[in-house]
Amino acid sequence: MLKVGIVGAGNIAQIHGRSWAELPVYLQGWFDVVPAAAARSAQKWGGGIFHSLEDLLANCDIVDVCTSVDYHKEVVLAAAAQGKAIVCEKPLARTVSDCQDVVSYCEEVGARLFVAQVVRFFPQFQAAREAVVSGQLGTPATIRTVRAFGFPGGGAHRAQQYADFQRSGGVVLDVAIHDVDYQRWCFGEVERVFARGLLEAGIPQTDHALILLRFTSGAIGHIEASWAHKQGLSRTHLEITGTKGIVEWDSRDKDSLEAATSTTGGTSKLTPYVGSDHPWYAELAHFLQCLETGAPFRVLPEDGLQAVRICEAVLHSIRTGLPVTMSEFEG
Amino acid sequence: MPIRIGLCSMAHGHAFSYLKCLQTLPEVEVVGAWDEVPSVLERISNQFGVPTYSDLNALLIGDLDGVIICSPNSHHRQHVEMSAIQVPNILCEKPIATSEVDGLAMLEVCRDTDTRLQIAFPVRFAPAITEAKRILDQGELGTVYSASCTNQGSMPGGWFVNSELSGGGAVIDHTVHVIDLLRWFWGTEVTEVYAEIGHSLLHPGLGIDDAGLLSFQLANGVYGTLDTSWSRPPAYRIWGNVSMDLVGSEGVLAVNAFGQALTLTSEDTGRTHLQPWGISPDMGLIRDFVDMIRLGREPSITGYDGLQATRVALAAYKSAKTGVPISLPLDPLTKED
């Protein structure tokens with residue numbers, strides 16, 4: 001069995017840790033610049049604590065990069081240099097040029113790099129894409145997705161990282177990137193983007209964007225990404241139309257399991273993602289399977305790069321108030 | 001004395017709905033209906049028992065209190081000009097016109113003849129919309145940041161897809177309702193619009209725009225988007241929608257204007273569809289128009305409102321053609337080239 005080390009022990013690492021614990025691997029251990037965070041995670045999901053990145057790299061076959069985005073490049077390059085198989089949380093890196101450095105280096109040394117664009121592994125999103133690919137919708141025409149949350153919590157330190165939009169890229173690079181990648185997976189390459197948002201509105205702990213995508217096929221995409229919703233009142237929405245039909249899903253729809261009890265207060269949705277339906281389990285299981293068979297990952301390094309590139313174009317559009325044509329965009 | 005109302009053209013499907021609404025009001029007498037198509041007049045006569053006219057002027061000179069114009073969009077100007085010299089109150093279907101020049105001319109003739117011109121934006125009377133405005137007026141959302149809106153529908157066919165008559169497809173058809181609501185919510189104007197428009201994207205060979213996505217900025221600081229696409233297939237559960245998702249500093253508001261509906265499945269139609277319940281927006285509009293005549297008050301939705309909404313649709317086409325955002329001058333009577 002392969003040995004897994006997780007770098008960065010924040011929120012997403014907990015979700016990965018839970019899935020690794022269920023998969024046929026040795027969860028070897030955790031490294032975080034905050035040792036207490038690594039210790040808490042190890043206690044919860046298993047594995048030990050590494051005191052340095054080098055220590056972790058020396059003891060693992062798989063490196064799962066769950067740090068904040070500005071450390072992705074450094075960690076991925078170090079892991080690739082030692083021939084590790086790599087899972088990198090999205091976004092692949094903070095800038096297009098960092099992404100290019102990562103992609104070309106991994107290619108050069110032959111390191112297998114999987115970008116964890118998890119929306120491709122949500123069962124309802126997979127099923128909707130299947131409706132496109134199978135031809136049931138005819139020629140794809142429009143795609144609309146919503147991903148709306150409150151501002152990321154997780155303690156003052158973490159909130160501060162996200163609040164520094166230069167550092168985090170704000171809601172576009174952290175949230176809309178899911179939809180950019182998913183829409184590109186369904187509809188192909190993006191011709192141009194236009195967007196408006198709160199990037200430079202200077203409202204504390206708030207970000208939001210409404211994004212238009214034009215695909216090279218002529219199809220049209222829309223994304224709403226929000227860190228302006230109230231905590232706990234998140235929403236996800238999906239609609240794809242084509243010349244023959246339409247497919248829709250909304251997190252506000254009646255769920256397959258809902259509870260309303262004196263302890264839940266209101267109605268509480270309990271979407272049961274069982275076993276391999278659990279998106280984070282599914283993406284890591286897929287990663288392991290591809291390692292074993294040598295098959296290409298569902299998300300290629302180039303996909304991770306293009307998602308960042310399109311998000312950078314979106315940010316550029318928000319700043320300039322102008323549309324951005326991807327073929328002319330330097331990043 | 002009844003309020004005497006005439007119908008100028010049944011070309012827009014709403015005309016039949018308006019007629020049904022009128023016939024429920026005891027104070028209204030539907031004096032007659034004019035249309036270019038004899039079979040339509042026959043249907044009006046047989047089904048609704050309304051006198052019909054093959055000569056529009058013969059209807060207009062009949063001492064009407066009001067006329068409702070539901071002709072194809074590009075005929076609105078001519079019909080408003082003919083009506084304004086005979087009839088003191090006009091309800092004109094949206095969009096007001098297919099060009100800014102025509103819209104301005106219509107406002108002018110109504111001003112010169114002291115005619116009250118109301119534009120048919122029935123969605124203002126949908127209960128969810130009326131209540132949403134109240135919530136916004138009370139400031140319950142705090143500072144509103146954005147409005148993600150849709151007015152998606154099924155492809156109407158007929159003259160709607162003949163640009164000579166309609167002035168355009170999905171974008172002109174479905175931009176004006178939501179823009180009117182946003183202007184009304186906040187007493188504001190659209191200052192800039194960018195648009196991605198698709199021609200024959202959902203309906204191969206249609207030959208007119210059938211997909212539209214607008215991104216706009218309002219003068220009050222709110223930005224938003226509007227999907228105008230004819231993206232609902234014939235088998236869909238409802239003709240379309242008007243939805244607005246507003247995000248503010250104190251919360252979000254999700255408006256589904258036609259959400260008051262039962263789910264109805266019948267072997268007659270072989271499908272499941274949404275059956276509206278409650279007061280229809282069309283009824284609210286007609287009630288408002290009749291009240292305007294009865295009380296002698298000014299229109300709640302003016303020709304100017306109609307023109308301002310239409311200018312946004314025209315700017316959207318211009319944006320798609322030029323590839324850049326289009327600024328709209330705040331002074332309404334400044335003509336663009």
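This note sets out points on the predicted model for a reader new to it.

1. Basis of the model. Residues are numbered from 1 along each chain as its sequence is written, while chains are lettered from A and ligands numbered from 1 in the order in which they are written. Since the model is predicted, local features need pLDDT of at least 70 and side-chain atom pairs count only at pLDDT 80 or more, whereas totals for chains, interfaces and linings use all residues.

2. Confidence. The predictor assigns the complex an ipTM of 0.93 and a pTM of 0.94. Chain B has an average pLDDT of 96, and 98% of the residues score at least 70; pLDDT is the predictor's confidence in each residue, from 0 to 100.

3. Contact between the chains. In the complex, 25 residues of chain A are in contact with 29 residues of chain B (two residues are in contact if their C-beta atoms, placed from the backbone, lie within 7 Å). On the side of chain A that touches chain B, the elements giving two or more residues are strand S7 (140-148), S8, S9 and strand S10 (220-226) of chain A. Helices (H or I, at least four residues) and strands (E, at least two) are DSSP runs, numbered from the N terminus. The residues on that side of chain A divide into 10 nonpolar, 10 polar and five charged. Here Ala, Val, Leu, Ile, Met, Phe, Trp, Tyr, Cys and Pro count as nonpolar, Asp, Glu, Lys and Arg as charged, and the others, Gly among them, as polar.

4. Helix H5 of chain A. Which residues of H5(A) are buried? They are A:Val96, A:Asp98, A:Cys99, A:Val102, A:Val103 and A:Cys106. These residues lie on the same side of H5(A), because they cover an arc of only 160° around the axis, the arc being that of the directions from the helix axis to the C-beta atoms. A residue is buried if 20 or more other C-beta atoms lie within 10 Å of its own, exposed if 12 or fewer, and partly exposed in between, with C-beta atoms placed from the backbone. The cover over the buried residues of H5(A) includes helix H4 (72-81), strand S6 (113-116) and helix H11 (301-320) of chain A. Exposed residues A:Ser104, A:Glu108 and A:Val109 sit on the face turned away from the buried side of H5(A). Just after H5(A), A:Gly110 has a positive phi of about 75°.

5. Cis peptide bonds. In chain A, the peptide bond from A:Lys90 to A:Pro91 is cis, with omega near -15°; A:Pro91 belongs to the loop between strand S5 (85-89) and H5 of chain A. In chain B, B:Lys94 and B:Pro95 are joined by a cis peptide bond with omega about -15°, and B:Pro95 is in the loop between strand S5 (89-93) and helix H5 (100-112) of chain B.

6. A:Gln205 is not a glycine, yet its phi is positive, at about 55°. This residue lies in the loop between strand S8 (190-197) and strand S9 (208-215) of chain A, and is partly exposed, with 14 other C-beta atoms within 10 Å. B:Asp114, also not a glycine, has a positive phi of about 60°. Its place is the loop between H5 and strand S6 (116-120) of chain B. Is B:Asp114 buried or exposed? B:Asp114 is exposed, since 8 other C-beta atoms lie within 10 Å.
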